[in-house]
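Hi,

Here is the structure I promised to pass on. Have a look at it first, and my notes on what turned up follow below.

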Amino acid sequence: MHVFKKIFTLLLFIAIISYVMDKIVYFAISKMEENVFTGQNVGKFNHFLEVKDSIDLVFIGSSRANHHYNPKMFSKHSFNMGLDGRNIAYFWTVIKMLPIDKKQDVIINIDPNNIFDSEYTGEDITALGYQYHKSEKIKEELERRNKINPLIKYYWCIGYNSKILGVIINYLRPKYNYKKYNGFDPIIVSETQKAIRDKLFTKNIRLDCEEEKQIKPNEIAISYLKLIADYSKLNNKNLFVITTPVRNDKCKSDNKKLKEIMNSLSLNYHDFTDFFNQNQDPNLWKDNTHLSNLGADKFSEFLSGGDGGVKSNSRHQ
């Protein structure tokens, strides 16, 4: 019994020390992170939290939002909150962070793959794990799909897993002056990239999805879409859902199904997949699914003029 008591005492001592050390390290990292406003690791979201109450227009989505919408063509008080690799759980959480008492326009980029990916589980929300002990709204979303390590309740530093290096680098050497940044990251294609792109564009990729099995929406994605629709209606948000251009989309059954879903939820939906079909200039593109800076400016100019049905009196040019 004496040996077991010693082991128990030692384990208890280790647990207490590790718990205390975790809190010391957490508050040190957290203090540093709160002053990081550059980079896609934590900085861009922190920047969004700083400006969300003052903007009248926000763009939300993955890389196809980040690289496709130029805010300066819409409003001086707008922000592009597109982030590479994010999906609909993340989109919803961004919208949820907007002030409920302020009229705002929200343009969210949703593609068929955001809704019809059978393997999607909401895992993209884990990118906000570092906010678990800072925001009740984000904590609720992390727990909604159990997308968090349960030990984070005791060891808070877990939320910074894979982010610490990025936090330190952007704290010590910010990548840009965030106060002059509106969230838009245009893709400027180099000559080498152009050669690779043009070679790929010459290939005839065969895809006939009309003959594939019936396209089924992912129920998790649909649940988030419903949350977005309901929240926007109840909280003074003028919501536009957009599918941005694709250079060569040979699958139309998913577009048709997506439109049906949007209509069933009474969402203001615009499918611009084929927007550049009549303009075959390769310089509009970085690849088949991402516009270059030239393409993004042309597309943004079109939308900002209201020609695509995306126009609101709440914006001030």
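Just past the end of α9, N236 has a positive phi of about 65°. Bear in mind that this is a predicted model.

The largest nonpolar core has 55 residues, and the members touching the most others are F45, F48, M81, I88, I108, I115 and L225. Helix α9 (residues 219-234) supplies the largest share of this core, eight residues. There is also a second, separate core of 17 residues, with L57, F276, L291 and V310 among them. Back in the largest core, F48 is one of the residues touching the most other members. Setting aside residues up to four places away in sequence, F48 touches V58, F79, M81, V94, M97 and L98.

Now the sheet. Five strands make up an open, parallel sheet in the order β2-β1-β3-β4-β5. The edges are β2 (78-82) and β5 (269-271); each has a single partner strand, so one side of each has no neighbour in the sheet. On average, neighbouring strands are turned by 20° against each other, ignoring direction. Strand β1 (residues 57-61) runs parallel to β3 and is joined to it by four bridges, and I60 sits opposite I108 in β3. Helix α10 packs on this sheet, where it touches β4 and β5, and its direction makes about 170° with that of β5.

One last item, on a cysteine: is C157 buried or exposed? It sits in the loop between α6 and α7 (164-172). The cut-off for buried is under 20% relative accessible area, and C157 comes in at 15%, so it counts as buried. Beyond its neighbours within four places in sequence, C157 is in contact with D22, V25 and Y26. From C157 to N263, 106 residues apart along the chain, the C-alpha separation is 43 Å.

Cheers

Note on methods
Residues are numbered from 1 along each chain as its sequence is written. This is a predicted model: local features need pLDDT of at least 70, side-chain atom pairs count only at pLDDT 80 or more; totals for chains, interfaces and linings use all residues. Side-chain values use heavy atoms; hydrogens and water are left out. A nonpolar core is a set of buried Ala, Val, Leu, Ile, Met, Phe, Trp, Tyr and Cys residues joined through side-chain atoms within 4.5 Å. Buried means under 20% relative accessible area, exposed over 50%, partly exposed in between (1.4 Å probe, protein chains only). Helices (H or I, at least four residues) and strands (E, at least two) are DSSP runs, numbered from the N terminus. Contact means heavy atoms within 4.5 Å. Two strands pair if DSSP finds at least two bridges between them. Axes are lines fitted to C-alpha atoms, for helices over the stretch in contact, and angles run from 0 to 180 degrees between N-to-C directions.
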